[in-house]
Amino acid sequence: MSDIISIKGQIFPTLVAVTELEQQQGLMGKPWPPPIMSFPYHTAAPRRFWMQNTISALDIIFCRSNNVVGIFHGEPLSTKLIGPDEPSDLV
């Protein structure tokens, strides 16, 4: 689903991964340049992401309550799990 997100007053057009299947698929197999994709969650919890089958280098931004709690650089095609120890409710 296409939508927009706002972080600290900045507006970003985004694809929103709402269902479990959309979240599992993420940006895997998407060509360059990849779209912005958001993963909203109902509750804040520590989250980890990997870049398997994702050919683009991505910066992954973890947020909680509309505040950035961590930014991590994802390595293309990597299965290394990345993310902050802090809980997030939007990635």
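I started with Arg64, which forms a salt bridge with Glu86, the closest N and O atoms being 3.5 Å apart. My cut-off for a salt bridge is a side-chain nitrogen of Lys or Arg within 4 Å of a carboxyl oxygen of Asp or Glu. Arg64 sits in strand S5 and Glu86 in the loop between S6 and S7, so the pair ties together parts that are 22 residues apart in sequence. Helices here are DSSP runs of H or I with at least four residues, strands are runs of E with at least two, and both are numbered from the N terminus.

A note on what I am looking at: this is a predicted model, where local features need pLDDT of at least 70 and side-chain atom pairs count only at pLDDT 80 or more, while totals for chains, interfaces and linings use all residues. Residues are numbered from 1 along each chain as its sequence is written, and side-chain values use heavy atoms, with hydrogens and water left out.

Next I checked accessibility (buried is under 20% relative accessible area, exposed over 50%, partly exposed in between; 1.4 Å probe, protein chains only). Arg64 comes out partly exposed at 29%, and Glu86 is partly exposed at 38%.

How many salt bridges does the structure hold? I get 2. Asp85 and Arg48 also meet through their side chains, at 2.8 Å from N to O. Asp85 lies in the loop between strand S6 (67-74) and strand S7 (88-90), and Arg48 in the loop between strand S4 (40-45) and strand S5 (58-64), so this pair links parts 37 residues apart in sequence. Is Asp85 buried or exposed? Asp85 is exposed, at 67% relative accessibility; Arg48 is partly exposed at 38%.

Then I looked at charge overall. I find 6 positive and 8 negative side chains, with the centres of the two sets 3 Å apart. Lys and Arg count as positive, Asp and Glu as negative, and His and the chain ends are not counted. I place each charge at NZ of Lys, CZ of Arg, CG of Asp or CD of Glu.

Last, the fold. I read 1 helix and 7 strands, running β-β-α-β-β-β-β-β from the N terminus. The radius of gyration is 12 Å, close to the 12 Å of the globule rule for 91 residues, so the chain is as compact as a globular protein of that length. That radius is over C-alpha atoms, and the rule is 2.2 Å times the number of residues to the power 0.38. Of the 91 residues, 32% count as buried.
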